[in-house]
Amino acid sequence: MFVISISQGKGGVGKTTTAISLGAALIECGKRVLIVDLDPQEHVQISFNSSNGHETKFGMDDVLLDNIPISKAIRKSNINGLFFITSGKRIIIAEQYLPIHKNYYTILKQNLSDISVFFDFVIIDCPPLLGALTMNAIVTADMVIIPTLPDAYSLVAVGRTIKWITQIQRKFNPGMQYRVLVTMYNKGITAHSLIYEKLTNILSGQMFHTVISTNTKLRESQIAGVPIINYAPNAVSAEQYRMVAKEVLDHVQSESKLREAY
Ligand SMILES: Nc1ncnc2c1ncn2[C@@H]1O[C@H](COP(=O)(O)OP(=O)(O)OP(=O)(O)O)[C@@H](O)[C@H]1O
Ligand SMILES: [Mg+2]
């Protein structure tokens, strides 16, 4: 099981859109995928128009606050093979009270280890806050994806996010890697190309080669409650998220080759 946490201190940068679209792209590649929502806004659940009346009532709040087994909180999405866990109304309480527990930052990791045989990928959608929940997501991650808009304020937010996650990496998760993903890019806007150039100069090895363009089909797919990959398979953003999935799969393959070699 390979864990991808999608995290950024800034809101509205495409975290949830990336979680859902990447998840659906990995399903297309035949992988078993679980998306875990840690954001009180519950946008993952909203992204799947999939209520069949038979879902579990449990969410990540029950898992983190009441020790409900994580397997009991898993829901089917409207895409075959793609599962998710919603955050739940009380997740905000978990954000506040988790730190009173010893080793609180490993609770999510322990829970995910119970279901590791069932999934190839777990994708964690974090809140736009670098707090206790996001810390749990970073501690358990094999890869952290940091989505960013190509603007000056977002550049500062990326810097702060990287500083924060590398502190956690050093202390608790040295094997973790991070990658920055530029979202809502418009190549006709000079400021976007300037910021993109700046980012690649500073972070070349830690950037996705793929860039996600601004694409209104993505917004339409969210209204329909269906991932872009399935809603508009030929849309530019569907193709771009497939390329992100390919970059992730190539990374996983090269990591496992390295492990075999040493
Ligand atoms: N490539 C894109 N093109 C056009 N619109 C996009 C694109 N990516 C995301 N959006 C839109 O931008 C808004 C923010 O995206 P999203 O909810 O994924 O960000 P987020 O980082 O998860 O936000 P939050 O911090 O509130 O959780 C949404 O309305 C979404 O539909
Ligand atoms: Mg979100």
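Asp250 is partly exposed, with a relative accessible area of 37%, where partly exposed covers the range between buried (under 20% relative accessible area) and exposed (over 50%), judged with a 1.4 Å probe on the protein chains only. The model is a predicted one, in which local features need pLDDT of at least 70 and side-chain atom pairs count only at pLDDT 80 or more, while totals for chains, interfaces and linings use all residues. Residues are numbered from 1 along each chain as its sequence is written, chains are lettered from A and ligands numbered from 1 in the order in which they are written, and side-chain values rest on heavy atoms, with hydrogens and water left out.

The side chain of Asp250 meets that of Lys246 in a salt bridge, with 3.0 Å from N to O; a salt bridge here is a side-chain nitrogen of Lys or Arg within 4 Å of a carboxyl oxygen of Asp or Glu. Both residues belong to helix H11 (residues 236-261), and because they are 4 residues apart there, about one helical turn separates them. Helices (H or I, at least four residues) and strands (E, at least two) are DSSP runs, numbered from the N terminus.

Asp120 is partly exposed at 25% relative accessible area, and Arg32 is partly exposed at 38%.

Another salt bridge joins Arg90 to Asp61, whose closest N and O atoms are 4.0 Å apart. Arg90 lies in the loop between strand S4 (82-85) and helix H4 (91-97) and Asp61 in helix H3 (residues 60-66), so this pair ties together parts that are 29 residues apart in sequence. Arg90 counts as partly exposed at 30%, but Asp61 is buried, with a relative accessible area of 5%. Through shared partners, salt bridges join Asp61, Asp62, Asp66 and Arg90 into one network.

The last stop is ligand 1, which is surrounded by 18 residues (each with a heavy atom within 4 Å of the ligand), the closest being Lys15, Thr16, Thr17, Asn215 and Gln222. An oxygen atom of the ligand is 2.8 Å from an N or O atom in the side chain of Lys15, and a nitrogen atom of the ligand is 2.9 Å from a polar backbone atom of Asn215. Taken alone, ligand 1 exposes 640 Å², and the protein buries 86% of that, with accessible areas coming from the Shrake-Rupley method with a 1.4 Å probe, and only the protein chains shown counting as cover for residues.

Thr16 is placed in helix H1 and is buried, with a relative accessible area of 15%.

Terms used. Polar contact = N/O pair within 3.5 Å; in protein donor to acceptor, adjacent residues only side chain to side chain.
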